[in-house]
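Here is a protein model to explore together.

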Amino acid sequence: MRQTTLSVALEVKPESYDHLSSLLDRLRNRRSTDPSGGEGPFADFLTRVPALHFMSLSVFPGFDYDPLFVIEANFDGARGPFWAQLESAIGPDLRLMLRCCKRPLDNDGPLFDSIVAANARAPIAPYLERRALTPTVYHHGNRGMTRDRILAEHALFEATRVELRCANVDGPNPYRVLSPSQIHAKLRAALLPGFGWLDHSAPKRIPLADNIADWARLIGFVIAAVFALSIPGLILSLIMPTDRYFILLAVAFLGFAAMLGKIGVALPGTGVATRFSFLKLFFQQLLPLVLFVLGYLVIAVAIGTPISMLFTARSFDAAWHGMITWLLWGLACVPVTVAGIVFWLRVLERGDASQDAPPVDPKMLREMARREDWIPQNHMGSIVLIKPGILRMILIRAGHLGLGLVLRIVARQGYLGSMRTIHFAHWAMVNNKSRLMFFSNFDQTWESYLDDFIEKAHAGLTLAWCCGVGFPPTRFLVKDGASHGRQFKEWARHSMSVSRFWYSAYKNLTAEQIERNFRIAIGLRKRTLSDKDAALWINDL
Amino acid sequence: MDQRPVSAAPQKGPPSWKLAPPHDTLTQGMVVSGFATLPTGRSLFLQFCWDKAPKKGGGAWLAALQAIAPISDADGREARAAGLGFTWEGLRKMGLNANTLASFDRPFKEGMFQEDRLRRLGDRREGKWLGTVIEGGPKWSGNTPLDNAAVDSEARAFDDEEKVVEEHIVTPITVHALLLLYEKDEESAEAWCRAVGDALAPHNVKIVHDLPLDLRPDERGIAREHFGFADGVSQPAPFEPGVVTVKGGADYPQDPWNGVPLGEVLMGHVNGHHEVALGPVVIDTPEGRAAGLPAHARGEGFLDLGLDGSYMVVRELKQNVAAFWKSMGEAAERINKRDPEHSGHIDAHWLATRVIGRDLDGNLLCPVNPTGVLPVDKYNQPDNDFLFYDRDRLGLGCPLGSHVRRGNPRDGLAPKPSDKQTLLDAANNHRILRRGRKYGPTIADPQTDDGKDRGLLFICLNTDITRQFEFVQQTWMLNPNFAFLYDETDPLLGPRGMLTIPEKPLRRIIEVDTFVQMAGGEYFFLPSMPAIRYLASL
């Protein structure tokens with residue numbers, strides 16, 4: 001089943017900021033004595049919102065804007081049923097919180113009035129659904145695993161441990177004298193009565209339709225990007241003689257390249273050696289790139305030829321030939337357009353003001369520390385201002401769209417580079433797209449999470465976050481940036497707010513453990529395993 | 001790397017690193033040396049027994065100390081050696097300016113016993129000391145006062161939030177400074193301690209706690225901790241061109257396995273995150289200049305109090321030797337009973353080496369070598385130039401959850417071969433330079449508890465306490481999900497729990513008890529030599 005990640009960001013009446021904070025604290029305290037949420041009174045949350053994996057309610061203080069109340073939710077299936085479940089679980093609390101928010105000045109005003117009026121009984125779910133934001137990028141560490149499946153497979157894991165430890169408890173352990181395939185068979189036989197679902201085949205984590213859609217979206221994006229980048233060439237080649245057009249391309253390209261060579265180097269004191277290389281990436285991706293370009297040609301010719309025939313009354317042969325020539329001339333311009341954009345970007349980057357020592361409020365930091373590191377998972381929410389300018393605006397939108405689509409293909413195993421510590425993370429734009437919000441539910445500590453990014457995935461992270469005002473100095477969107485360890489961490493802390501209410505449906509499970517449970521379950525679903533397969537499978541027990 | 005031949009004529013050891021001038025005379029000697037030639041000594045925990053921080057004269061005791069126990073610098077061997085560190089409250093009591101006190105790193109300012117930090121370090125949770133702390137709670141700490149962030153006392157219109165009151169955790173003994181004395185024999189050490197005590201008493205500085213600092217090497221020259229294992233085998237090897245050198249002055253090469261930038265150990269140098277390791281600053285004064293403090297690189301009108309200094313993490317870890325070996329014996333017995341056919345090789349010793357990850361002499365457990373351990377290096381020392389991924393990815397030799405693997409996973413956490421180097425580099429950003437020594441008598445019979453107090457005075461140096469010491473403790477040692485394990489922590493340092501020992505065809509899981517308990521701890525500032533002179537001038 002598909003998982004949904006979304007957030008609702010609502011402006012808060014500044015006078016109600018503290019009151020809203022205390023409402024969130026009270027909700028947390030009532031739900032659980034454990035500051036991290038989880039067991040005990042939280043159990044009812046687990047049953048009443050059965051679709052929910054992770055949820056947070058936080059309020060960001062206002063510095064540049066009024067405070068912002070954010071509901072972040074990650075759940076199974078569609079939005080509608082989830083909002084209904086949530087309302088039935090904590091509807092009255094949410095209504096009190098919504099009363100702290102500003103009335104929207106757009107068409108949602110009357111709907112807001114109807115839910116916050118004194119003694120209002122109107123359901124709040126429709127309002128939340130109206131105000132829900134779609135993430136610009138999101139990442140799921142255990143894609144396709146429903147919450148119930150995660151819990152069931154973990155119960156299975158626990159049962160394997162009990163069985164292996166306690167079989168024939170007063171005498172020799174029967175598993176110790178068996179071959180790997182026999183261990184598998186015996187364990188399966190022992191667990192089957194308690195876990196009848198082992199006899200059924202496993203639901204597919206990524207259904208075929210999702211798979212096709214992922215690829216179709218990515219292909220569509222790349223083809224659209226290629227087309228957009230060749231637009232200047234398509235226009236110029238129509239209005240200029242061919243020889244002059246190519247001379248212009250060559251001159252422009254050489255000019256951009258020369259200037260880039262000059263300004264491409266890091267500004268003094270900001271360069272960090274990295275293993276990331278554009279050239280390496282280019283050659284690694286050369287084959288798919290060529291395929292994408294060919295795909296673009298096929299589609300563009302298929303669409304363009306009949307249109308050309310319609311408007312110019314040319315024969316099919318002439319129209320087809322003319323179209324492909326024109327498209328090829330346009331493609332020739334792509335490297336020049338890219339060089340031009342990179343040059344423009346680099347000029348902007350050189351002028352960017354990065355914040356060497358972002359101020360971190362010690363009290364806020366302590367509030368965060370008070371709520372962190374109770375369980376193996378942690379949560380962070382952050383909002384940053386987006387750098388101004390049209391190129392930045394285009395790059396953020398296109399970059400996030402592309403990154404999101406690429407992640408759906410390359411991060412299906414949950415890995416970002418060499419790290420698999422994220423359960424659910426997403427970016428979304430708020431305040432009329434002037435601020436970028438980031439939420440993550442991750443394993444281990446905040447420090448280790450950020451260090452992972454700094455040490456293992458700085459390029460990807462820099463790409464996604466360098467549009468934030470004050471981000472450490474960056475080169476070509478991916479270099480340097482997050483490699484400036486402490487500066488980057490302070491910047492990230494500076495942008496964060498306290499996760500006052502945070503809920504995890506499986507608080508002791510890391511993303512790795514969920515995958516381990518999954519592998520064990522997959523093995524146990526099989527009636528038999530060869531000795532070789534069983535020996536590999538046993539490594540996870 | 002595996003089959004390194006044993007040299008026919010063993011040399012004394014690999015070339016050690018040293019600091020080039022002027023840093024050698026600016027840095028405390030204990031940074032570059034563990035003083036192996038001075039096998040005994042004392043750690044003296046000092047309390048400043050005056051009430052208010054004086055305007056002037058707070059450093060007088062330090063000047064007196066320098067006369068009887070001059071703090072050693074790093075420019076060569078001395079007949080006896082001394083090291084000195086301060087807690088935040090100690091510096092405040094000496095009269096250090098409030099702005100300077102604010103310029104230290106957060107963990108140091110908050111102290112090791114800040115409520116949230118103790119939870120992260122696995123010592124205390126929800127108001128209760130955990131089983132890994134001695135009965136009744138730790139004896140000593142810096143008793144750092146609560147800071148302004150602890151209570152939000154600011155009044156705001158429209159504020160109806162319930163104020164959280166942070167608990168101030170206090171130990172019976174308050175430590176303001178830690179003096180480490182290294183000597184060649186017991187008598188000299190004892191005499192020196194008395195002389196120091198006599199010199200400090202007139203200044204109202206009391207020795208409130210003391211522990212021996214023993215190496216007590218065996219006949220083969222191996223210094224063992226109380227459980228019997230060689231200690232301090234693996235250390236980070238700092239490098240910085242022109243500053244870290246070998247004897248003769250050539251640059252100390254970047255060690256591919258254990259190399260760390262000098263800024264991981266000393267403030268004011270570039271660290272593993274490509275930044276200059278931050279240190280404290282003081283306002284520019286003639287006293288500061290006279291002490292030799294250089295101008296700060298970024299703060300106009302300020303002097304660098306941190307350059308060539310470090311942070312020193314100290315934890316007194318009481319070891320229960322009999323409990324350790326008893327627990328190993330019971331676990332072995334249980335395995336033998338449950339698996340009579342295939343567990344002939346398993347006894348208490350075998351399990352103990354799995355808990356540590358090395359044999360008693362410090363050689364790494366290794367699945368491919370017939371001896372079961374990595375061969376010694378060309379200096380006849382335990383080989384420390386190794387990685388995990390290629391040889392022992394699954395931990396069939398050195399278990400994934402063993403103490404040494406948790407202490408430094410090297411490239412072992414790489415999910416695939418192409419990530420090995422990235423993971424090794426990442427791991428080396430979380431190294432600590434260990435300078436601990438044991439205290440207490442060697443146990444006569446490891447099976448029988450003699451009721452004597454013994455353990456390890458854990459001391460390590462780092463410049464970013466959060467990223468180095470705390471990361472190692474929290475993300476590696478006590479992480480229940482380290483290396484894809486589930487619900488188990490470090491078998492040596494952690495609470496009662498489990499240890500997975502990978503084996504073919506099926507892993508074993510043993511239960512391990514609590515053997516090590518924290519009896520006190522704090523973060524100290526290890527000042528440079530000029531910084532000591534400056535503090536003495538207060």
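Strand β2 (residues 52-60) of chain A pairs with β12(A) in the antiparallel sense, over 4 bridges. This is a predicted model, in which local features need pLDDT of at least 70 and side-chain atom pairs count only at pLDDT 80 or more, while totals for chains, interfaces and linings use all residues; side-chain values use heavy atoms, with hydrogens and water left out. Residues are numbered from 1 along each chain as its sequence is written, and chains are lettered from A and ligands numbered from 1 in the order in which they are written.

Helices (H or I, at least four residues) and strands (E, at least two) are DSSP runs, numbered from the N terminus. Two strands pair if DSSP finds at least two bridges between them.

Let's return to that pair of strands. Within it, L57(A) has F501(A) of β12(A) as its bridge partner. Both strands belong to an open sheet of 5 strands in chain A, with the order β4-β1-β3-β2-β12 and antiparallel pairing. Because β4 (132-133) and β12 (501-504) of chain A each have a single partner strand, they stand at the edges, and one side of each is left without a neighbour in the sheet. What holds the strands of a sheet together? Strands of a sheet pair through backbone hydrogen bonds, either parallel or antiparallel.

Chain A also has an open antiparallel sheet of 5 strands in the order β5-β7-β8-β6-β11. Here β5 (137-140) and β11 (496-497) of chain A are the edge strands, each pairing on one side only. β5(A) meets strand β7 (residues 422-430) of chain A over 4 antiparallel bridges, and H140(A) stands opposite F424(A) in β7(A).

| Strand pair | Sense | Bridges |
|---|---|---|
| β2(A) and β12(A) | antiparallel | 4 bridges |
| β5(A) and β7(A) | antiparallel | 4 bridges |
| β19(B) and β20(B) | antiparallel | 5 bridges |

Is strand β19 of chain B buried or exposed? Buried means under 20% relative accessible area, exposed over 50%, and partly exposed in between (1.4 Å probe, protein chains only). In β19 (residues 497-501) of chain B, 4 of the 5 residues are buried, so this strand is largely enclosed by the rest of the structure.

Helix α16 (residues 446-456) of chain A is largely enclosed too, because 10 of its 11 residues are buried. Among them are W446(A), Y449(A) and F453(A). Over the whole of chain A, 55% of the 541 residues count as buried.

Now for the helices. Chain A comes to 20 helices and 12 strands. An unreviewed UniProt entry carries the annotation "transmembrane region" for several spans of chain A, including residues 215-239 and 323-345; such annotations may be inferred rather than shown by experiment. Residues 215-239 of chain A are 100% helix and 0% strand, with end C-alpha atoms 36 Å apart. For residues 323-345 of chain A, the values are 96% helix, 0% strand and 32 Å between the end C-alpha atoms.

Finally, look at F283(A), which is found in helix α10 of chain A. With 52% relative accessibility, F283(A) counts as exposed.
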